[in-house]
Amino acid sequence: MERFAFLGRFARNRGALAGTVIILLVAFAALSAPVFFPTDPLRMVAQPELWPGEDPAFPLGTDSLGRDMLAMLVHGARATLLIGLFASAVATLIGVSVGAAAGYFGGWIDETAMRAVELFQTIPNLIFVLTIVVILGSTLHNIVIAIGIVSWTPIARMTRAEFLALRDREFVQACRSMGMGDFGIIVREILPNALPPVIVLSSLVVAGAILFESAVSFLGLGDPNIASWGRLVGDGRELIRSSWYICAIPGVAIMVTVLCLNLIGDGLNDALNPKLRDR
Amino acid sequence: MGNKEGVMNQISRRVFGTGVLATGLVGSLVHSSRAQGEPKRGGTLVATWGGGEPQACYVPAGGGSSPTFSSSKLFERLGNRKMTGEFVGELAEEWKPAPDFKSYTVKIRKGVKFHDGKPMTVDDVIYSVSEIWKKYAAAPALSDFAGIETSGDDAVVFKFNKPTPEFFFASLLCGNVNYIVPKHVYAGTDPVTNPANNAPIGTGPWKFKEWVRGSHFEYVKNESYWRPGFPYMDRLIIRYVRDPAGRAAAIEAGEIHIGVFNPIAPPDIKRLTATGKFVATSKGYEESVWATTLECNMRNPVFAKTEVRQAMFHAIDRNLIAKTVYYGYARPGTGPIFSPNKEFFTPDTYKTGFDPKKAAALLDAAGFPKKGSAKRFTLNLLAAGWFAENGKIGSYVKQALEDVGVGINLTVPDRPSSIKRIYTDYDFDLAISNQSNPSEPVPTTTQYYTSDGIKKGIPFRNASGFHTDEVDALVEKIKIETDPAKRKAMVVEFQKIISKEAPLLPLLELESTTVASTKVQNHSNDPNYLAASWHDIWMAS
């Protein structure tokens with residue numbers, strides 16, 4: 001029952017609903033890419049700079065090297081979504097661990113953790129990502145790790161704030177008086193209650209991660225063995241005055257996906273925030 | 001050529017800058033066919049190039065194309081090479097070999113003054129050669145240099161331990177940064193850190209006035225220049241614009257009059273020249289041809305067999321790369337010496353043309369048969385990220401080699417990582433890199449293929465690890481052969497051997513472009529125009 005109420009509240013936000021539908025479509029495209037485009041999307045298959053619609057075999061045209069834009073876009077959705085999800089998972093894992101420890105234990109653990117958070121926050125994110133990618137090498141998982149490392153700080157702060165608010169509540173004290181261990185209290189009692197706002201934040205980190213990946217690929221530091229949207233935009237920029245669609249198509253894909261993820265984040269916020277329940 | 005301008009601001013194209021880089025300024029006036037009527041005097045010329053600001057206005061060791069561009073307007077060389085290929089004196093009047101070719105007497109031009117008013121003398125020449133050339137600017141070329149001394153008031157004698165061919169010597173005098181610098185400014189200091197490098201005092205047609213960092217150099221006319229009546233213009237501004245789109249806009253708006261070395265992207269070249277107000281030319285790069293190379297790391301045992309290396313080249317369609325990646329501003333390379341090299345080039349080399357069937361057959365024969373869908377072997381392909389085109393070529397080469405059953409992991413590291421991985425760590429199986437060589441093959445070209453070129457940590461040398469006694473011995477003979485015909489025959493032999501051995505070959509020879517307003521006259525009239533003095537350039541109103 002409670003679950004249906006949640007979905008109802010989520011669906012009441014029309015934007016979130018539309019966002020979900022579009023993201024599901026993108027996810028479907030990503031999953032079906034190997035079925036519809038079984039060959040390497042980075043293969044040169046036709047004449048370069050074929051405009052969209054010029055040749056029915058390549059509905060979105062070809063890029064400056066004669067690679068199928070549609071195939072790259074669909075395969076790019078895989079890379080882009082994978083990077084977004086995994087980077088968000090890495091950031092959430094680090095953020096929740098650090099934030100929970102800081103909020104629950106307080107004292108020197110809190111002090112140390114929060115100074116670390118501030119340290120990370122003072123480094124410009126994009127520069128930090130680029131530095132990590134340059135040092136570790138431009139492979140898919142290094143990019144995921146790099147984005148995770150720069151994106152965890154807001155999650156840590158949010159988790160800490162929730163833990164600070166919850167750690168002295170009656171139900172927690174009850175658990176303590178029953179002799180429950182710290183780890184059990186953190187994971188089984190406080191975390192489920194602290195999670196809703198963290199989930200909202202994580203969904204936004206997915207969007208941020210996609211933008212980071214696009215920037216990294218745009219600057220030519222992405223994994224050259226995979227198709228990604230940012231790389232497509234980067235490759236097409238020198239042709240912006242003649243064949244602007246090469247930049248525009250993946251650019252629109254990035255914009256729509258990030259927008260939809262933000263809408264979903266809003267919807268989740270509406271659905272999970274009890275104070276907004278009766279709005 | 002393609003959009004390499006984009007990454008040019010992080011890289012220096014002439015990274016070595018130490019070789020004997022024969023270059024020339026046109027000594028006498030050669031009016032281009034576009035020049036109409038009498039040259040107009042006065043005015044300010046604003047120039048740019050397809051790269052970024054230099055680390056210093058003048059770098060004694062060369063330091064790349066950027067400082068070569070900025071310093072070559074202020075300093076001059078002893079000799080220069082003309083478009084027609086002949087060598088002419090610049091600060092030297094003439095030079096003559098001794099009968100045994102172990103020494104050369106060079107007569108120095110009289111009446112030349114440095115920008116600070118002091119006269120240029122044989123002392124300046126001796127200082128420049130023994131302290132700057134030998135130690136920084138031309139160290140590898142001067143490996144057999146035995147010393148330099150005066151011979152009367154106006155001549156010097158270069159001495160060598162071994163016979164030195166005339167073409168080699170003339171090329172040395174014309175080397176890119178083999179300038180005559182003022183002894184009274186440099187003596188007793190460390191030339192590398194001398195503050196004068198950022199406000200050079202030379203003998204050239206232009207005098208340094210100001211460097212506004214992040215923006216431009218301002219040079220003014222040298223009123224006491226030794227060529228009477230030159231330069232035509234009053235001021236020369238070298239402006240730096242970070243990206244090619246910005247350069248295209250500035251050229252289009254008339255803020256920049258001339259851009260050398262691929263200032264703008266090929267699609268913009270078409271757009272600008274179509275208006276009739278701008279011209280694009282590939283002239284002026286005959287002595288500084290750039291190539292994109294593919295290099296096999298011989299440390300990987302799969303490359304032990306010559307057939308495997310040849311197969312790599314047969315699998316790649318270079319015409320396709322020229323067309324799609326370089327928009328036609330490139331042509332397939334045929335051997336270690338590039339086709340504009342009039343003295344030494346031979347088209348008669350082992351042909352590694354596009355032939356995937358032959359590539360597959362060679363790999364089969366070498367003991368790497370294809371079993372079903374399994375790869376024959378897998379290689380790490382490194383495309384040096386200093387030019388954006390290299391990454392694109394990397395994607396294509398990956399596809400082409402996978403088509404013949406070779407697995408490829410492609411990486412495109414940035415400039416410092418690429419240099420480290422190719423030339424220090426040798427951490428690659430196949431590398432896509434670039435080189436630019438002068439006409440004289442020794443040492444710049446040959447040290448990619450000889451055992452003395454294997455110098456860990458020194459960029460743009462022999463990174464493939466290829467060496468045979470045959471090639472080493474041949475290069476030693478080329479070094480000291482003074483008969484031009486015999487020497488040419490040896491260099492032809494060298495090209496045949498290397499093209500067949502295929503440790504490293506140019507995939508493509510690149511065509512650099514200069515884009516200028518149609519008002520600019522007398523440009524691109526030197527075989528290495530980027531490094532020319534530009535004393536005869538002028539602008540119509």
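Colleague: Which pattern does chain A follow when read along the sequence?
Modeller: This is a predicted model, in which local features need pLDDT of at least 70, side-chain atom pairs count only at pLDDT 80 or more, and totals for chains, interfaces and linings use all residues. Residues are numbered from 1 along each chain as its sequence is written, and chains are lettered from A and ligands numbered from 1 in the order in which they are written. Helices (H or I, at least four residues) and strands (E, at least two) are DSSP runs, numbered from the N terminus. Chain A has eleven helices and zero strands, and its pattern is α-α-α-α-α-α-α-α-α-α-α.

Colleague: Which residue just after helix 5 of chain A takes a positive phi?
Modeller: The place to look is just after helix 5 of chain A. There, a phi of about 105 degrees is taken by Gly137(A).

Colleague: Which helix of chain B gives the most to the side that touches chain A?
Modeller: Two residues are in contact if their C-beta atoms, placed from the backbone, lie within 7 Å. The contact takes 17 residues from chain A and 21 residues from chain B. On the side of chain B, helix 7 (266-274), helix 11 (388-403) and strand 16 (406-411) each supply at least two residues. The most, seven residues, comes from helix 11 of chain B.
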